[in-house]
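Here is a structure to read through in questions and answers, for someone meeting it without any background.

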Amino acid sequence: MKICVAGQGAFGVKHLEAIANIGGIEVASLAGGNLAATEEVAKKFKIPHWTTSLAESLAQPGVEGAILTTPTQMHADQAEQCMRAGKHVMVEIPMADNLKDSERVARVQRETGVIAMAGHTRRFNPSHQWIHQRILAGKLKILAMDVQTFFFRRTNMNAAGKPRSWTDHLLWHHACHTVDLFQYQTGETASRANALQGPIHPELKIAMDMSIQLKIPSGAICTLALSFNNKGPLGTFFRYICDNGTYIARYDDLVDGDQQPIDLSKDAVSMNGIELQDREFFAAIKEGREPNASVAQCLPAMQTLDRLERSMG
C-alpha cells in the first residue's frame, strides 16, 4: 500500500517511525511546510518524493491514502482535500478546532465513502485498551476519571523543541484526547459539561490553564486539569477510579493504585500507541471497514468540546 504523509514536524516523524515497523506500507511522498526540512526528513526515512504541495503528494502514482500531521488549523481543509481526491485519510487530533469544521469533515466522509479516521491515539494505547477490554468484559466499571495534562509551553515551541508556525490549544487539542477517551471508555456522551479557563497569554492569545468537568447519564464523572504553565513532570496522567480497582495510565504504561506495573506486553502487537493507531488505519483500508476512531465516532467529542467552549463564555 502506498501512502503519503503531510507534515515534517515532530508528530510526522513519530508516524514515520511507527510506519517503519509495519510491513507492506510504502511512504511514497512527504509533504511539508518547509522544503529544506521536508527534504531532510524524507532522506532520513528513504522517502523518494518530497514537496510543499499536498496535492502533488496525493497525485503520486499508486497513493491510496494520507496521514495528516500538519498544523491544527489546516486539518479540516486538508482532510476534505484528500477525501475529494478519492484518498483515504487519517487526520491527526483534532480533526478541526471548531464544531462546524468537524461536522464538515464527517459530512464529506459520508459523501465520498472513503475511510476517514481521526488520530485519537488514546483509544489505541495499550494502557487504555487494557482498561477498555475489561470494561467490555464486565470486569470493570468506571466511577470517576481524574486526569492531568501538564506542559511547560510559555513560548511557541513543538514537542521537538523547535519553533511552531501555529499556536496549540488546551481545549481543542489536549482536552480533546480526554473528552473522547472518557466517552469511548464509558460508551456514553457527557450530559453535563463545564469548563473554566485562566488568564489569556498576552502574546499567544490562548488560555494557559483550564479546568473541565464532565458527567455521563449513568453517573460517572471526569475531572480534567490542563496547563501550559506547569514546570515539572510533563504529559498526561489518567487515573481510573473503578468499582473493582484503581489504575493509572501514562501513554503506553499502566500501574494499579499501589503503583504496581501491569504487564501489557501480551495485549497488543506493539507497545507503541501511534503504531497501533496506524495499523488500524491501514487494516480498515484493506478490509473496507469503518476504523476505530473514525471521524463519525469522534464527532461526539467535538460536540462536547463545543459545549465546553460555550460554557466558558
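Q: Which residue lies over the face of Phe151?
A: The model examined here is a predicted one. A charge counts as sitting over a ring if CZ of Arg is within 6 Å of the ring centre and within 35 degrees of the ring normal. At 4.5 Å from the ring centre of Phe151, the residue that lies over its face is Arg153.

Q: Which residue lies over the face of Phe152, and at what distance from the ring centre?
A: Here the charge belongs to a lysine, Lys231, which lies over the face of Phe152. Its distance from the ring centre is 4.8 Å.

Q: Is Thr38 buried or exposed?
A: Thr38 is found in helix H2, which spans residues 35–44. Leaving aside neighbours within four places in sequence, Thr38 is in contact with several residues, including Leu30, Trp50 and Thr51. Buried means under 20% relative accessible area, and because the relative accessibility of Thr38 is 0%, Thr38 counts as buried.

Q: How are the planes of the rings of Phe281 and Phe282 arranged?
A: A search of the whole structure finds 3 aromatic pairs. In the pair made by Phe281 and Phe282, the ring centres are 5.7 Å apart and the planes are at 45°, so the pair is tilted.

Note on methods. Residues numbered from 1 in each chain as written. Predicted model: local features only at pLDDT ≥ 70, side-chain atom pairs only at ≥ 80, totals over all residues. Heavy atoms only, no water. Helix = DSSP H or I, 4+ residues; strand = E, 2+ residues; numbered from the N terminus. Buried < 20%, exposed > 50% of the residue type's maximum accessible area, 1.4 Å probe, protein only. Contact = heavy atoms within 4.5 Å. Phe/Tyr/Trp six-rings, centres within 6.5 Å; stacked < 30°, edge-to-face > 60°.
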